[in-house]
Amino acid sequence: MGLNSKWNRRGFLGTLGAIAGLVAAPHKLFAWSRGAVAAAPVTGFGQTGNPYEELGITTVINCEGTMTMLGGSLPHPELEAVMTMAGRHFVSIPELEVAAGKRIAEMLKLPDGYTALVTSGAAAAIQSGLAGILTGGNEALIQQLPDLTGMKSEVIIQKSHRNPFDHQLRSTGIKLVVIETVDQLRAAVNERTAMMHFSNFANASGQIKVEEWVKLAKQYNIPCMNDAAADTPPVSHLWDYTNMGYDLVTFSGGKAIRGPQCAGLLIGRKDMVANALLNNSPHEDTLGRSQKVGKEEILGMVKALELFLAEDHEALAKEWQNQLEGISNELKKVPGVSTSFFVPDIANHVPHMRITWDAARIWLTPPQASKLLRSSKPSIVIGGGEGRPGLSMSSFMLQPGEDKIVAEQLSRLLREHTA
């Protein structure tokens, strides 16, 4: 994989050995002899079944979607079982990462020469992916980051694609070169250019679209990354961008895929993914050492993808739409209330409902309604209008029966503030 063969630290040598040797016998990591372990009884903290309440923390009904601030998503029971099994064994983390990446590449039918790395989230994937591009497999350069002496130092990004997560790019020490047009991009390319970065959720707002961006990168032989963190569903996004030619693509693991909340995916060219791993935990003296991902999360991510790929996504979308329509039917019984439905083009690409009302009849603003619902019992978190007026909600993170609670509490709130 083009890695530097002069590494002398035991951990790095172990990773190099894993990368070279796992292809021959990846099954060994999964040939565990112990059976499934039954859940242990809980005493003390957690024995009530709700440790959040024991800490004085209120759990919420999530109408916003897969928001990291709310804990992402809820894992499948099978996922929890596999993670429990993972916690009962010791294993070489670099070997496990390589084997898991190989399994993920097979499941996603990635192009030849591509693999995956489980990271501690999509943000970590951004940082480690770029770090690997900057350093290659050079141990001295890895230890040197974010000092870029002797390395390329610029990343090109569209102005409309700037967002809080480009902090992960800047943490490597690089300078962001901000452009808006193709001509500006061509003028920005130089011998210091390390990578071209694309924020997938901003595809509609930038002048250079997702397919043209990667073509330009190929024209100039510059590595190209696509941050597609929250952009599943549709499921095909997991392989669409590598098939376009992107060298690296990042995804959140704990959103719609319903993997571990502190997990993500870096999908890309084997050499770049291998170098990203060398810049990441468990290796010491690396920029990514703080972004630890455990054996439980690595195996949990593999299982979560297996489950995600097997789901009937059309049936799920219909179920979520039916829940929204049921809530809508109750809300429209309140005079002056209207509802409409939409699906965001990208990120949380599932059925949503917009709720509006006649301000002359209901003396409550949407922010006030959102705040009152958050402070109610049970607490309901519902968002703004996704750039639209009124309240906006999705149902795909609701647990059974919570749609009825939302309909009842929101209807009551609107009636209580009717003039």
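In this predicted model, buried residues make up 51% of the 419 residues in the protein chain. The secondary structure of the chain comprises 15 helices and 12 strands, and among contacts with a separation of 6 or more, 70% are between residues 24 or more positions apart. The protein chain exposes about 19,500 Å², of which carbon and sulfur atoms supply 53%.

**The largest pocket**

- The largest pocket has a volume of about 1,300 Å³, and of the 43 residues that line it, Ser73, Leu74, Met397, Leu398 and Gln399 are the closest to its centre.
- Strand E1 (60-62), helix H3 (77-86) and helix H13 (313-331) are the elements that give two or more residues to this lining, and H13 supplies the largest share, with six residues.
- Sorted by class, the lining of the largest pocket holds 24 nonpolar, 13 polar and six charged residues.

**The second largest pocket**

- The second largest pocket has a volume of about 740 Å³, and the closest to its centre, of the 32 residues that line it, are Thr66, Phe165, Ala229, Ala230 and Lys255.
- Helix H5, which covers residues 122-135, gives the most to the lining of the second largest pocket, with four residues.
- The lining of the second largest pocket divides by class into 17 nonpolar, 10 polar and five charged residues.

- Although Glu325 and Thr339 are 14 residues apart in sequence, their C-alpha atoms are 9.1 Å apart in space.
- Helix H15 (residues 402-416) has 15 residues and reaches 21 Å from its first C-alpha to its last, which is close to the 21 Å expected at 1.5 Å a residue.
- Pro51 has its place in helix H2 (residues 51-54) and counts as partly exposed at 29% relative accessibility; leaving aside its neighbours within four places in sequence, Pro51 is in contact with Phe45 and Gly46.

**A buried loop residue**

- Asn200 is found in the loop between strand E5 (193-199) and helix H9 (210-219), and Asn200 counts as buried because its relative accessibility of 1% is under 20%.
- Not counting residues up to four places away in sequence, Asn200 touches Val210, Asn226, Asp227, Ala228, Asp231, Tyr241 and Ile346.

**Backbone geometry in the loops**

- A cis peptide bond with omega of about 0° joins Thr232 and Pro233, and Pro233 lies in the loop between strand E6 (224-227) and helix H10 (237-244).
- The peptide bond from Ser281 to Pro282 is also cis, with omega near 20°, and the place of Pro282 is in the loop between helix H11 (270-278) and helix H12 (295-310).
- Asn221, although not a glycine, has a positive phi of about 55°; Asn221 lies in the loop between H9 and E6 and is exposed, because its relative accessible area of 70% is over 50%.
- Asp285, likewise a residue other than glycine, has a positive phi near 55°; Asp285 lies in the loop between H11 and H12 and, at 46% relative accessibility, counts as partly exposed.

Notes. Residues are numbered from 1 along each chain as its sequence is written. This is a predicted model: local features need pLDDT of at least 70, side-chain atom pairs count only at pLDDT 80 or more; totals for chains, interfaces and linings use all residues. Side-chain values use heavy atoms; hydrogens and water are left out. Buried means under 20% relative accessible area, exposed over 50%, partly exposed in between (1.4 Å probe, protein chains only). Contact means heavy atoms within 4.5 Å. Accessible areas come from the Shrake-Rupley method with a 1.4 Å probe; for residues, only the protein chains shown count as cover. On a 1 Å grid over the protein atoms alone, a cavity is a set of points where a 1.4 Å probe fits but cannot get out, and a pocket is an open set with protein on both sides within 12 Å along at least five of seven lines; lining residues have an atom within 4 Å of a point. Grid points are joined across faces, edges and corners, and a volume is the space filled by probe spheres set on the points. Ala, Val, Leu, Ile, Met, Phe, Trp, Tyr, Cys and Pro count as nonpolar, Asp, Glu, Lys and Arg as charged, and the others, Gly among them, as polar. The expected span of a helix is 1.5 Å times one less than its number of residues.
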